[in-house]
Amino acid sequence: MFIGKYNISVILTYIGVAFAFSGIAAAFGEKFAAAMIFLAAAGICDLFDGVIARKCKRDEAEKEFGVQIDSLADVIGFLALPAVLGLGLIDGAGFIKYPVILGYILCGIIRLAWFNTFAAEEGMRTHYDGLPVTYSALIFPVLWTVLGFFGELQAAPWIWAAFYAVTAVMFILNVKIPKPRGVWYGIFGVLAAGITVLIIVRDIL
């Protein structure tokens with residue numbers, strides 16, 4: 001009746017998009033702490049959606065759909081959401097926020113297109129070419145938490161501008177980034193959960 005795939009292999013991807021949308025709404029309302037939580041939650045969904053998908057019996061069409069829907073979800077969760085966050089966090093830096101955020105988005109979609117072009121090859125590698133855009137789900141919440149321990153630095157626009165710029169360059173820089181495997185899934189999951197709890201306790205409660 002409907003086009004698309006709606007089985008368990010992609011359901012976590014759709015949940016991640018819901019978190020990303022909630023984060024964008026929070027960022028527009030300048031509720032940056034809540035937006036960071038939703039960003040981390042979207043990252044957790046992305047971390048494990050591939051694991052779940054690989055355990056499911058899929059035909060070639062379902063596998064290809066999974067690759068495409070995952071990248072489209074990444075645009076929402078790890079480019080659009082951080083971009084809206086950045087427009088608010090870099091606001092005090094004046095006009096610089098626009099080229100920084102535009103550069104972040106452009107580098108991000110280039111990275112995603114590159115990944116999709118060589119998806120079959122990357123699936124067999126032990127590393128990524130360039131920083132995956134999904135790492136923004138860890139970078140920015142961790143930075144928010146660390147800067148929060150130094151009071152006003154949490155709102156320092158030039159620090160945020162610098163991190164957005166460096167992250168953007170890392171998306172397209174031809175460096176080898178190791179893929180998380182085995183225990184690293186648990187480490188990243190625990191780290192994301194810990195950061196989420198810290199943000200809730202310190203910035204929301």
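Where does T134 lie? I looked this up first, and T134 turned out to sit in the loop between β1 (127-129) and α6. Helices (H or I, at least four residues) and strands (E, at least two) are DSSP runs, numbered from the N terminus.

**Ground rules**

I am working with a predicted model, where local features need pLDDT of at least 70, side-chain atom pairs count only at pLDDT 80 or more, and totals for chains, interfaces and linings use all residues. Residues are numbered from 1 along each chain as its sequence is written, and side-chain values use heavy atoms, with hydrogens and water left out.

**Entry 1**

I checked the burial of T134 and found it buried, with a relative accessible area of 18%. Buried means under 20% relative accessible area, exposed over 50%, and partly exposed in between (1.4 Å probe, protein chains only). Next I listed the contacts of T134 (contact means heavy atoms within 4.5 Å). Leaving aside neighbours within four places in sequence, T134 is in contact with D46, D74 and F78.

I then followed D46, which is placed in helix α2. D46 counts as buried at 17% relative accessibility. Not counting residues up to four places away in sequence, D46 touches D70, D74, F78 and T134.

**Entry 2: α2 against α3**

How do α2 and α3 pack? I noted an angle of about 160 degrees, with their axes 11 Å apart. Axes are lines fitted to C-alpha atoms, for helices over the stretch in contact, and angles run from 0 to 180 degrees between N-to-C directions. The two helices, α2 and α3, are therefore roughly antiparallel to each other. For the record, angles under 35 degrees count as roughly parallel, over 145 as roughly antiparallel, 65 to 115 as roughly perpendicular and the rest as oblique.

I logged the crossing of α2 past α3 as left-handed. A crossing is left-handed if the near helix is turned anticlockwise from the far one by less than a right angle, and right-handed if clockwise.

On the α2 side I found residues including F32, M36, D46 and D49; on the α3 side they include D70, D74, F78, L85 and G88. By class, this contact of α2 with α3 has 11 nonpolar, three polar and four charged residues. Ala, Val, Leu, Ile, Met, Phe, Trp, Tyr, Cys and Pro count as nonpolar, Asp, Glu, Lys and Arg as charged, and the others, Gly among them, as polar.

I also looked at G88 in helix α3. It counts as partly exposed, at 28% relative accessibility.

**Entry 3: α6 against α7**

I turned to α6 and α7, which pack at an angle of about 155 degrees with their axes 12 Å apart. That makes α6 roughly antiparallel to α7. Their crossing is right-handed.

From α6, I139, F140, L143, W144 and L147 meet I159, W160, F163, Y164 and T167 of α7. The residues of this contact divide into nine nonpolar, one polar and no charged.

**Entry 4: the core**

Which residues have the most contacts inside the largest nonpolar core? I found M36, L85, I90, W144, W160 and Y164, in a core of 42 residues. A nonpolar core is a set of buried Ala, Val, Leu, Ile, Met, Phe, Trp, Tyr and Cys residues joined through side-chain atoms within 4.5 Å. The elements giving it two or more residues are α1 (8-28), α2 (32-55), α3 (60-89), α4 (97-117), α6 (136-148), α7 (157-172) and α8 (183-204). I noted that α2 gives the most, with eight residues.

Last, I took M36: not counting residues up to four places away in sequence, M36 touches L85, L89, F140, P141, W144, W160 and I199.
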